[in-house]
Amino acid sequence: MFELNEPLAKLDVSDVSRFADQSILSLFAFLRSHEPVHFCESSPHGAYWSISRFSDIVSIEADPKRFSSRSGFTLADIDSDFKHRSILSSDGQDHLRQRRAIAPLMTVDGINALEVTVKKAAVEILDSVPLDKPFDWVERVSIALTGRMLATMMGAPHSDFQKLIHWSHIASIIPGPNADLGSFEEKDRLLEDCYRYFLARRDISVASPLSLNFVSLLAHMKREMEVDEYLSTIIILIVGGNETTRNSISASVVFFDQFPEQRDLFYNHPELMESGISEIIRYQTPLIYMRRTATEDVEIGEKTIKKGDKVVMWYLSGNRDEDAISQPDEFIINRMRAGRHLSFGFGPHRCIGRRLAEMQIRVLWEEIIRRKWIIQPTGNTERTVSNFINGFNKLEVIIRN
Ligand code: HEM
């Protein structure tokens with residue numbers, strides 16, 4: 001039974017140490033039943049509300065007029081003089097314009113075209129890993145596959161994928177007093193090469209016919225994007241298309257080892273591929289939260305959220321809410337309505353890359369199942385220490401076949 005050892009008002013849910021050892025899951029269960037709309041008076045990023053129930057998260061996501069994305073989608077504020085307005089930190093027409101521009105790569109035809117590349121990459125990567133000998137799955141498989149895919153989506157040469165991975169790592173850090181980076185300015189400095197690289201690629205794309213990659217699609221928008229807007233959306237695409245899918249791939253190996261009867265079902269019933277992949281993504285919840293800012297006073301769960309307050313929607317908690325999902329702490333690949341989870345968010349900002357992510361995970365697992373491999377973690381595992389990215393830095397495994 002979970003016991004809270006501090007006054008509720010002093011509780012900072014975002015404290016990273018709770019995420020490193022996963023004790024956050026018990027705290028979320030406590031909050032859902034005792035304080036589903038919780039106010040933290042003070043944290044390294046100031047005061048904020050924590051929303052832990054599935055239904056409250058959905059209502060907030062569906063109400064972008066009263067819960068805006070413009071001041072930032074993480075706990076860290078975007079400075080008022082900071083001009084970056086990415087797809088994720090914009091509302092209304094600004095948001096729609098960017099979303100429409102990148103949509104062609106997310107259509108059925110766009111995804112089918114990318115599937116050929118993913119399939120080829122998956123075969124080559126799996127051919128290259130050792131059998132019966134330990135190796136790091138994160139580096140050799142999860143990063144290798146999503147990195148190659150990222151280069152393709154960006155229209156960059158495959159040989160540049162290590163650079164993209166490096167920038168993605170820096171871009172995924174949320175600046176703040178207790179973080180590896182102190183400020184957005186410092187982060188910008190570390191990303192200067194990345195900015196130069198993508199501005200050069202945009203110049204090349206403008207001078208070439210439109211092709212199906214993100215840089216070309218953004219370069220050929222009807223109304224040219226401001227440089228800041230272009231670069232900040234590139235950053236979202238790098239992180240969105242990489243860290244999240246990578247961590248789902250690593251997590252799937254861990255879950256199938258923890259739940260071998262689910263692995264047997266998955267291997268023997270191809271018709272469960274779709275629901276199984278949704279369940280992997282729900283159970284892992286690769287992005288732990290998104291934030292909004294109230295544009296007026298709003299009542300939720302008998303609490304009044306004041307205009308200007310930060311509101312954190314904890315997807316990791318909503319995905320374990322017993323009122324919305326039955327047996328939420330179990331990993332069950334043949335769930336009814338398995339796609340009804342919050343890992344991709346909800347409402348106007350719902351992840352536009354979700355089909356692409358699911359396709360990559362599916363293609364990889366189809367190839368693993370074809371080889372009849374059983375992948376066993378050795379226990380030499382390192383989790384990512386973050387309250388935003390739920391993942392693995394290292395996952396040593398042995399493949400038995
Ligand atoms: C398992 C993998 C993935 C997860 C868990 C994930 C999760 C999310 C979440 C939670 C959001 C915010 C939703 C909201 O605020 O309601 C989001 C937005 C977004 N994601 Fe993903 N994502 C994944 C894969 C991808 C991929 C492969 C791409 C492709 C590049 C991508 C591109 C984006 C973009 C561009 C947005 C912003 C959409 C908008 O603001 O309208 N994501 N994603």
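Is Cys351 buried or partly exposed at 28% relative accessibility? Cys351 is partly exposed, where buried means under 20% relative accessible area, exposed over 50% and partly exposed in between, with a 1.4 Å probe and the protein chains only. The views below show a predicted model, in which local features need pLDDT of at least 70, side-chain atom pairs count only at pLDDT 80 or more, and totals for chains, interfaces and linings use all residues. Residues are numbered from 1 along each chain as its sequence is written, and side-chain values use heavy atoms, with hydrogens and water left out.

**View A. Cys351 and the iron atom of the ligand.** The SG atom of Cys351 lies at 2.3 Å from the iron and is its only protein donor. Donors are N, O and S atoms within 2.8 Å of the metal (3.2 Å for Na, K and Ca); water is not among the atoms, so sites may look incomplete. Cys351 sits in the loop between α15 (315-318) and α16 (354-370); helices (H or I, at least four residues) and strands (E, at least two) are DSSP runs numbered from the N terminus.

**View B. Cys40.** Cys40 has 0% relative accessibility and therefore counts as buried. The whole structure contains zero disulfides, a disulfide being a pair of cysteine sulfur atoms within 2.5 Å.

**View C. Helix α12 (residues 243-258).** Because 14 of its 16 residues are buried, α12 is largely enclosed by the rest of the structure.

**View D. The largest pocket.** This pocket holds about 700 Å³ of space. On a 1 Å grid over the protein atoms alone, a pocket is an open set of points where a 1.4 Å probe fits, with protein on both sides within 12 Å along at least five of seven lines; lining residues have an atom within 4 Å of a point. Among the 30 lining residues, Ile173, Ile174, Val385, Ser386 and Asn387 are closest to the centre. Two or more lining residues come from each of α6 (137-154), α12 and β10 (392-400), and α12 gives the largest share, three residues.

**View E. The second largest pocket.** About 250 Å³ of space lies here. Of its 17 lining residues, Gln22, Val254, Phe255, Gln258 and Arg383 are nearest the centre. The elements giving two or more residues to this lining are α12, α14 (273-284), β9 (374-383) and β10.

Methods. Expected span 1.5 Å × (residues − 1). Points joined across faces, edges and corners; volume = space filled by probe spheres on them.
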